[in-house]
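Biologist: I am new to reading models like this one. Could you show me how to begin?

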Amino acid sequence: MPAAQLELLLPLLRCPYTGSALRLAGNTLQSGAHVYPIQNGIPNLVREEQVSAIDQYFQQQYGAEAARAYDRAIFLLSLLIGCWEPAQRRRLAQLLDPPTGGLVLEVSVGTGANLPFLSEAVGQRGEIVGIDLSPAMLQRAHGRAQDLSIPVHLVRADACRLPFADNTFDAVFHFGGINMFGDVPRALREMVRVAKPGAPVVVGDEGLSENRRRTFLGRRAAKMNNLYLCRPPFAAVPWEDVQGFQLHWAWRELFYVFRFHKGCPAARSQEDHAVSVQAEVRRRVLESPPPGEYGI
Ligand SMILES: C[S@@+](CC[C@H](N)C(=O)[O-])C[C@H]1O[C@@H](n2cnc3c(N)ncnc32)[C@H](O)[C@@H]1O
């Protein structure tokens with residue numbers, strides 16, 4: 001990452017374990033006793049011993065070979081299910097609808113497949129920060145970011161411990177990883193924490209709609225990849241801090257997509273009681289599991 005770009009990013013970064021500011025020291029970022037290397041221009045804000053076992057396991061699934069094969073595999077898979085991948089990704093970026101010229105965070109940026117569409121959505125004066133746990137996926141994203149006309153800052157980080165100050169981003173986007181994060185409620189809380197009050201948040205992953213579960217395509221997809229049997233993680237949503245929640249479906253209803261705004265404290269304080277009762281009702285209703293299909 002060029003020094004000028006790191007200078008722009010530095011004020012937003014925090015130690016993910018203490019929340020303290022970081023300072024640049026040679027080719028490292030430091031906060032108290034913690035020293036984080038900058039590798040191939042990408043700050044590495046992860047302490048391996050702090051990554052949960054499940055996140056470590058899935059990180060291994062995204063090594064160099066998987067990263068090389070990823071884009072082609074997703075393109076072919078999309079064709080197989082009757083989808084044009086660029087159109088699906090564009091639709092998700094448009095659903096986020098970030099403010100023009102805003103600062104967008106993509107959590108689990110992967111190979112950067114969403115970057116061209118997020119960049120289109122945020123416009124020429126916008127900026128994007130992308131984080132991912134896999135160094136190999138980040139390297140692919142780095143290559144893709146070079147072709148974009150807006151700044152893209154990449155950081156190695158764990159979605160369950162985002163290394164950013166509260167209320168930093170004008171929009172937050174995540175697609176394709178949350179089902180298998182080590183701590184799903186925490187990851188959602190983190191996305192909301194780093195969003196500015198009122199900022200839009202979009203989160204999606206594999207999960208068939210109820211209608212799609214009954215179809216040939218739904219059954220084939222579930223057989224091929226059990227993750228399609230996941231239900232949208234409603235119970236993990238931090239309802240107290242969320243407004244305007246919507247559930248969408250993407251990729252022929254093989255993926256659920258949440259869209260909401262981070263709540264604004266001023267609006268909330270007037271309705272505190274109503275909001276918390278509503279949040280509790282939602283939690284209880286959504287925690288009751290739907291009738292099991294496919295024996296689950
Ligand atoms: C299926 S890929 C999706 C990539 C990209 N978002 C897309 O739409 O193509 C899942 C990504 O989640 C990342 N990931 C998995 N666990 C993570 C975690 N705890 N924190 C951050 N990223 C994680 C993986 O490294 C991988 O790049």
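Modeller: The residues of the shell around the ligand divide into nine nonpolar, five polar and five charged (nonpolar: Ala, Val, Leu, Ile, Met, Phe, Trp, Tyr, Cys and Pro; charged: Asp, Glu, Lys and Arg; polar: the others, Gly among them). This is a predicted model, where local features need pLDDT of at least 70 and side-chain atom pairs pLDDT 80 or more, while totals for chains, interfaces and linings use all residues. Numbering runs from 1 along each chain as its sequence is written, and side-chain values use heavy atoms, without hydrogens or water.

Biologist: How many residues surround the ligand, and which are the closest?

Modeller: Being near means having a heavy atom within 4 Å. Here 19 residues surround the ligand, with Tyr70, Ser108, Asp132, Ala159 and Phe175 the closest.

Biologist: Which polar side-chain atom lies 2.8 Å from an oxygen atom of the ligand?

Modeller: Look for N or O pairs within 3.5 Å. That atom belongs to Arg89. A polar side-chain atom of Asp158 lies 3.0 Å from a ligand nitrogen, and a polar backbone atom of Ala159 is 2.8 Å from a nitrogen of the ligand.

Biologist: In what order do the four strands of the open sheet lie?

Modeller: Strands are DSSP E runs of at least two residues, numbered from the N terminus, and they pair with at least two bridges. The order is S1-S2-S3-S4, paired antiparallel. S1 (23-25) and S4 (42-43) are at the edges with a single partner strand each, so one side of each has no neighbour in the sheet. Three bridges join S1 to S2 (residues 28-31), and Arg23 has Gln30 in S2 as its bridge partner.

Definitions and conventions
Polar contact = N/O pair within 3.5 Å; in protein donor to acceptor, adjacent residues only side chain to side chain.
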